[in-house]
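I opened my notebook to go through this structure step by step. Here is what I looked up.

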Amino acid sequence: MKAAFHTGKKEISIREIDMPEPGENEYLVKIKSCAICGSDIWWPNDAVSNEPVHGHESAGEIVKCGKNAKKFKSGDKVVCYAILGCGKCVHCAKGMLTYCKAKKFVEGGFQEYAAFNESLLFPCPENTDWVTASLLSDAIGVPLRGLRRLPVNENDTVSVWGLGPLGLLQIMFLKANGVKKIIGIDTVNERLESARKLGASDTINPKEKDTVAGLMGLTNSLGTDKAYVYIRHPKVTEDVFKSTRDGASICTFTGLDGKYELQEWYERTLVWSFYFMSSEYEENLKFIKEKNIELKSVVSHVYPLEKINEAFKKRFEEQDKSLKIVINMN
Ligand SMILES: [Zn+2]
Ligand SMILES: [Zn+2]
């Protein structure tokens, strides 16, 4: 079978390797699709020895079941989760695997077959195409957890910082929740255009005008009620605090860089939202279905595994021409 290995700076090589055997509690999955994530930042760096096959936003079909793996059967369609908990600690017992101190980050989506532990697989809804299926884990899980960690009201004024695929999905989900004033911020004009198409009422390009002044101008000089922040940069941190009103809430997905003194920012609430809990999966699917969200509106390209180098180049070096990119193994 074919697998994509990171073999050097901006270099991925396709190699023939042996098919994995599923362990007792594992399933062998024929991967059908795997999306490139904004966090796939290994790509421009040197390869390290024994680097695993990357790709953590995958979906596929079960082709073989381990001896004790009873949850699924051959032929079932599944979506992959990326956090494997230790299964023994207090957090794992509550299903909060992202808090587990011994958790492992599981990849392996950029290859034709992979063995996954039972706890890493969710059932994929029937009639879902494979491109959409690859977006049902991370891509919707992150912005929807953001909305749970920091809920919105329809009349809130909301800023979204960083309009990669997740920022754009955040905008779609805010709009689906009835929010009318959604202001998208990014330095790439094509992404601002996408944001307006997908539900932003206004957009600001910090390269063209002062972001804080722009946000003040759009909120009667009050500042926004809420901010969802997908960028980690000291200037962004400063601007986020300056452009939110007293009593506002800020949700960061990456942590905030730079220095800030919370006591200077009257009654701000700062929330950090990381990945998503596996217990949220079904609720996420329900949201997408009920709100009739077309997830593929954030997908700009689909590439076969053989063209994975081209796909990564497009994703990270041509941000004006690309959004979510999915590798298709059909
Ligand atoms: Zn991801
Ligand atoms: Zn644990």
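Which residues does the UniProt annotation "domain: Alcohol dehydrogenase-like N-terminal" cover? The record, an unreviewed entry, gives residues 23-126. I noted the caveats for such records: UniProt positions are given in the numbering used here, feature names are shortened, and annotations may be inferred rather than shown by experiment.

**Ground rules**

I am working with a predicted model, where local features need pLDDT of at least 70, side-chain atom pairs count only at pLDDT 80 or more, and totals for chains, interfaces and linings use all residues. Residues are numbered from 1 along each chain as its sequence is written, chains are lettered from A and ligands numbered from 1 in the order in which they are written, and side-chain values use heavy atoms, with hydrogens and water left out.

**Two annotated stretches**

I checked the make-up of residues 23-126 and found 4% helix and 33% strand. Helices (H or I, at least four residues) and strands (E, at least two) are DSSP runs, numbered from the N terminus. The end C-alpha atoms of this stretch are 27 Å apart.

Next I looked up residues 165-289. UniProt lists them, in an unreviewed entry, as "domain: Alcohol dehydrogenase-like C-terminal". This stretch is 38% helix and 22% strand, and 19 Å separates its end C-alpha atoms.

**Zinc ion, ligand 1**

Which protein atoms are the donors here? I listed Cys37 (SG), His56 (NE2), Glu57 (OE) and Asp138 (OD), at 1.8 to 2.4 Å from the zinc ion (ligand 1). Donors are N, O and S atoms within 2.8 Å of the metal (3.2 Å for Na, K and Ca); water is not among the atoms, so sites may look incomplete.

The angles among the four donor atoms run from 85 to 149°, and the site is irregular. I wrote down the rule: four donors count as tetrahedral if all angles lie between 85 and 135 degrees; four count as square planar and six as octahedral if opposite donors are over 155 degrees apart and all others between 65 and 115; anything else is irregular.

The spacing of the donor residues is C-x18-H-E-x80-D. Cys37 and Glu57 are 20 residues apart, both in the loop between strand 3 (26-35) and strand 4 (58-65). Both Cys37 and Glu57 are buried. Buried means under 20% relative accessible area, exposed over 50%, partly exposed in between (1.4 Å probe, protein chains only).

**Zinc ion, ligand 2**

Here I found Cys86, Cys89, Cys92 and Cys100, each donating its SG at 2.3 to 2.4 Å. The site is tetrahedral, with angles of 105 to 115°. The spacing reads C-x2-C-x2-C-x7-C. Cys89 sits in the loop between strand 6 (83-84) and helix 1 (90-93), and Cys100 in the loop between helix 1 and strand 7 (104-105), so the pair ties together parts that are eleven residues apart in sequence. Is Cys89 buried or partly exposed? Cys89 is partly exposed, at 21% relative accessible area. Cys100 is buried, at 1%.

**Helix 3**

I went back to Asp138, a buried residue of helix 3. Helix 3 covers residues 138-149 and spans 16 Å from first C-alpha to last, close to the 16 Å expected. The expected span is 1.5 Å times one less than the number of residues.

Ser137 is buried, at 0% relative accessible area. Leaving aside neighbours within four places in sequence, its contacts (heavy atoms within 4.5 Å) include Val79, Phe122 and Tyr275.

**Nonpolar core**

A nonpolar core is a set of buried Ala, Val, Leu, Ile, Met, Phe, Trp, Tyr and Cys residues joined through side-chain atoms within 4.5 Å. The largest one has 56 residues; Leu136, Leu169 and Phe173 are among those with the most contacts inside it. Helix 4 gives the largest share, seven residues.

**Last check**

I ended on Gly66, in the loop between strand 4 and strand 5 (77-80). Gly66 is buried, at 8% relative accessibility. Its C-alpha lies 46 Å from that of Thr269, 203 residues away along the chain.
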